[in-house]
Amino acid sequence: MRSHDSQPSGCGLFEQELVNAMNDFVKTAETPYFDTAVIRRGARRKQAITTAGIAAALVVACGAGTALATSATGGASHTSVQTAATSTAGDGTTVVVRTSNGKIVRTQLAGASSTAARAALVRYGLTPAFTRVKTSDCPKQQDAVVAVSPHAPTVVHAGDTILVTSCFR
């Protein structure tokens, strides 16, 4: 313990040495330098990037993203995907598959049996998962495909899982 430091009441030798060490550190430590202009620029940049990202997400979510992506990539190489999107946009039983050689194949599964749907999906390397719903307007007595997810215009690749919904009476 230092002789010039007075010992506060209730403190032991260890506590007083700890207080002295902290006081020495405070007196000798350099004050950090903050460049507020750099900090402000970084914050503005982050805000601008966040705003642009949110705007881009809204454009994609609202459906204009396909047109932007087609025009940004040249458009001509993606005409088959665009055709698939426009021709089957309202159909929930069409699967659009990009094969390993880059070819786009549309497979219509409406009304097919679960066995036929499984065979068609496995042929392209897709993993089918099945659910069943009871409906009175089922096209067959049992086991007719009424929906797939994801469906056109979403393009799937080998290894993706397709949820197939079939109906029964």
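Analyst: Thr165 sits in strand 6, which spans 161-168. Helices (H or I, at least four residues) and strands (E, at least two) are DSSP runs, numbered from the N terminus. This is a predicted model, in which local features need pLDDT of at least 70 and side-chain atom pairs count only at pLDDT 80 or more, while totals for chains, interfaces and linings use all residues. Residues are numbered from 1 along each chain as its sequence is written, and side-chain values use heavy atoms, with hydrogens and water left out.

Thr165 counts as buried because its relative accessible area is 15%. The cut-offs are under 20% for buried, over 50% for exposed, and partly exposed in between, using a 1.4 Å probe and protein chains only. Contact means heavy atoms within 4.5 Å. Setting aside residues up to four places away in sequence, Thr165 touches Thr131, Val133, Ala144, Val145, Val146 and Ala147.

Now move along to Ser166, also in strand 6. Ser166 has 1% relative accessibility, so it is buried. Beyond its neighbours within four places in sequence, Ser166 contacts Ser114, Thr131, Arg132, Val133, Asp143, Ala144, Val145 and Val146. In a regular strand, side chains alternate between the two faces of the sheet.

A nonpolar core is a set of buried Ala, Val, Leu, Ile, Met, Phe, Trp, Tyr and Cys residues joined through side-chain atoms within 4.5 Å. The largest one has 12 residues, among them Val145, Ile162 and Val164. Helix 5 contributes the most, with 3 residues.

Val95 belongs to the largest core. Its contacts outside four places in sequence are Val105, Arg106, Thr107, Leu109, Leu121, Leu126, Val148, Val156 and Ile162.

Next, the pairing of strand 1. Two strands pair if DSSP finds at least two bridges between them. Strand 1 runs antiparallel to strand 2 (residues 104-108), with 5 bridges. Across that pair, Val97 faces Val105. The two strands make a hairpin with 5 residues between them, and Gly102 in the turn has a positive phi of about 90°. Strand 1 also runs parallel to strand 5 (residues 155-157), joined by 3 bridges. There, Arg98 has His157 as its bridge partner.

Step back to the whole chain. It holds 5 helices and 6 strands. Their order along the sequence is α-α-α-α-β-β-α-β-β-β-β. Of its 169 residues, 22% count as buried. Of the contacts between residues at least 6 apart in sequence, 56% link residues at least 24 apart. The chain exposes about 11400 Å², with carbon and sulfur atoms supplying 59%. Accessible areas come from the Shrake-Rupley method with a 1.4 Å probe, and for residues only the protein chains shown count as cover.

Last, a surface feature. Val19 lies in helix 1 (residues 13-28) and is partly exposed at 36% relative accessible area. Together with Phe14, Leu18 and Met22, Val19 forms a nonpolar surface patch with about 400 Å² of accessible area. Patches are made of residues with over 30% relative accessible area and no salt bridge, where like charges are joined within 9 Å and nonpolar side chains (Val, Leu, Ile, Met, Phe, Trp, Tyr) within 5 Å. A salt bridge is a side-chain nitrogen of Lys or Arg within 4 Å of a carboxyl oxygen of Asp or Glu.
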